[in-house]
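Visitor: I have a structure to look at and some questions about it. Can you put it up and walk me through it?

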Amino acid sequence: MNSDYTDQLNKAMESIEAAFRRNLSLTRVIITKINEVVHELTRVYRYEPKIKIMNFCGTHEWTVTHYGIRSLIPSSIVLVAGPGCPICVTPSHFIEESIRLALDDITIYTYGDVYRLRAIRPVKGVYSLSEAKAHGASVKIITSIAEAINDARAHGKESVFVGIGFETVASGYARAILSGMLPPNLKFLSVVKLTPPAMKYTLEIHRQERLVKGVIAPGHVSTIIGAKAWHEVSKEFGIPIVVSGFEPIDVLLSILEILRQLVKGKADTVIEYKRAVTWDGDLEAQKMIREVFEVVDDAWRGIGFIPRSGLRLKKRFRMYDAFGEYGVRDVAPGDWVHDLSPGCRCADVILGRAMPSQCPLFMKTCTPSTPVGPCMVSIEGTCSIWAKHRVLDVEAIKDLEAIQ
Amino acid sequence: MCWGTPAIVIDVDEKKMMAKVDFGDGIYRDALIGISSDRVTRGDIVIVHAGVIISKLSLEGVLEQIAFIKETMGDEAADMLKPYENLVSIAKALRDRDNE
């Protein structure tokens, strides 16, 4: 392959990606269409005044907030967050167990968000991995498991990688395990979660009030599991699901597609993010995940147990498993207790039952520099996104628009 | 957890498990190949999430996306999509030239 070709191809592909971000004329047309369809839904079909659409993934919430999408669409469309933020839903119990290991002189590798995550119960007076580091523990922030592997191999000391994430990272973790990349001194703590069971759980909560009329489904999770994973959900709950990219035009197109399906009375799973997602996903990735992990009932922070929603290493890979090696206790349904601070409404926010501004702690005691709830920590946490963009109240924004 | 960043594949190791990728800053970083390893070759634009390659952006996918936009938006979008179609044709021409 010659470099001239690579350069030009790359420029062309990058331009395509940027074009989904900065195409003003297309944006205007999409918004006009959205207004038309909403008008049709409310006037002709007499839809309720509010149409809730759930943007399941934290990164979609970032796009919606960063590009001000709520202010571009009619106020009758309410975009609510979903539980698609792994940092927000990892039980406090596993943060406490990681702190315990760190204080026992085991090197902990973790993503930056997890480092700041606050546990509900202290371990020897320590509430987070960052505090553990301040007490002299070896806690290292990494951006990928590959970094942890290289570093652990270099120093040779006992280490644990805190494997947080959804299906998106599961195939990478599986590849690392299957290929024997992990050195003997590095163990893996699998707290990976699965998204389709969480979407079903969330929609079940909303089934009674029937306000959630559509879901913007996670694009990057779907690159692995395929759009087919959502087909059953859209049929079971009778709502359109659109697998969306993460640029603003992607999200607007997905909203339009959901509304158009509502007009036609359809409830299909459709891919908008066609440049990266296929119906079947990546079959080799799915095979690797099945080979390495077993599916278990798992706890979600502030929510409780969701059946068959977590992944643990299979017994044949126990030589890599931090659970067995260091006696990390898994959380059982009988043990689970509500693990959010008093007043924190993080669980309601990620289940689409509340906006961050409806939480009594939001931007009072809970801020990005002093997060109380997990949703204020992660780059994908709805409260953190709202706080960093100074979105304090959606209704106020709409009122402001009306005045202008 | 969908935060993904596009990157260019610089090199793939012999076992096709790891790749060196460039996020556009000129620094080569290791990324695990989380998808079918046959799909990843030097020069590809991939999406990397937490150090794992989770997808490859394909020209065919972009064309399908353009078709989706046309279908959703109708004729009004046709003119506005021209730049995308031009880009795709340039990229295709480059690929064909490389294969000659």
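Guide: One term to begin with: two residues are in contact if their C-beta atoms, placed from the backbone, lie within 7 Å. Also keep in mind that this is a predicted model.

Visitor: Fine. How many residues of chain B are in contact with chain A, then?

Guide: 48 residues of chain B are in contact with 59 residues of chain A.

Visitor: Which elements give residues to chain B's side of that?

Guide: Those that give two or more residues are the strands β1 (5–12), β3 (28–33), β4 and β5 and the helices α1 (59–73) and α2 (82–99), all of chain B. The largest share comes from α2(B), with 9 residues.

Visitor: And by class, how do the residues on that side divide?

Guide: There are 29 nonpolar, 11 polar and 8 charged residues on the side of chain B that touches chain A.

Visitor: Let's stay with β4(B). Is the strand mostly covered or mostly open?

Guide: Mostly covered, as 5 of its 5 residues are buried. Ile45(B), Ile47(B) and His49(B) point one way from the strand, while Val46(B) and Val48(B) point the other way.

Visitor: What does β4(B) pair with?

Guide: β1(B) pairs with β4(B) in the antiparallel sense, over 4 bridges. β4(B) also pairs with β5(B), again antiparallel and over 4 bridges. Ile47(B) takes part in both pairings: Pro6(B) has Ile47(B) as its bridge partner in β4(B), and the partner of Ile47(B) in β5(B) is Ser55(B).

Visitor: Where does Ala50(B) sit?

Guide: In the loop between β4 (45–49) and β5 (52–56) of chain B. The hairpin of these strands has 2 residues between them, and Ala50(B) takes a positive phi near 50° there.

Visitor: Why is Ala50(B) called buried?

Guide: Because 25 other C-beta atoms lie within 10 Å of Ala50(B), and the cut-off for buried is 20 or more.

Visitor: Which residue in chain A has a positive phi without being a glycine?

Guide: Arg308(A), with a phi of about 45°. Arg308(A) lies in strand β11 (residues 304–313) of chain A. Arg308(A) is exposed, because it has 12 other C-beta atoms within 10 Å, and 12 or fewer counts as exposed.

Visitor: Change of topic. What about the nonpolar core?

Guide: The largest one has 153 residues, and those with the most contacts inside it are Ile255(A), Ile350(A) and Ile53(B). Helix α14 (residues 248–264) of chain A gives the most to this core, 9 residues.

Visitor: What does Ile53(B) touch?

Guide: Leaving out residues up to four places away in sequence, Ile53(B) touches several residues, among them Ala19(B), Leu32(B), Ile35(B), Val46(B) and Val48(B).

Visitor: Last one: what are the domains?

Guide: For chain B, the assignment gives domain 1 (5–56) and domain 2 (59–99). The C-alpha centres of these two domains lie 24 Å apart. For chain A, it gives domain 1 (3–85 + 197–271), domain 2 (88–195 + 281–325) and domain 3 (345–403).

Visitor: How many residues of domain 2 of chain A are in contact with domain 3 of chain A?

Guide: 9 residues of domain 2 of chain A are in contact with 11 residues of domain 3 of chain A. On the domain 2 side, α5 (86–89) and α7 (112–116) of chain A each supply at least two residues. By class, that side has 4 nonpolar, 1 polar and 4 charged residues.

Definitions and conventions:
Residues are numbered from 1 along each chain as its sequence is written. Chains are lettered from A and ligands numbered from 1 in the order in which they are written. This is a predicted model: local features need pLDDT of at least 70, side-chain atom pairs count only at pLDDT 80 or more; totals for chains, interfaces and linings use all residues. A nonpolar core is a set of buried Ala, Val, Leu, Ile, Met, Phe, Trp, Tyr and Cys residues joined through C-beta atoms within 7 Å. Domain bounds come from an automatic or database domain assignment. Ala, Val, Leu, Ile, Met, Phe, Trp, Tyr, Cys and Pro count as nonpolar, Asp, Glu, Lys and Arg as charged, and the others, Gly among them, as polar. Two strands pair if DSSP finds at least two bridges between them.
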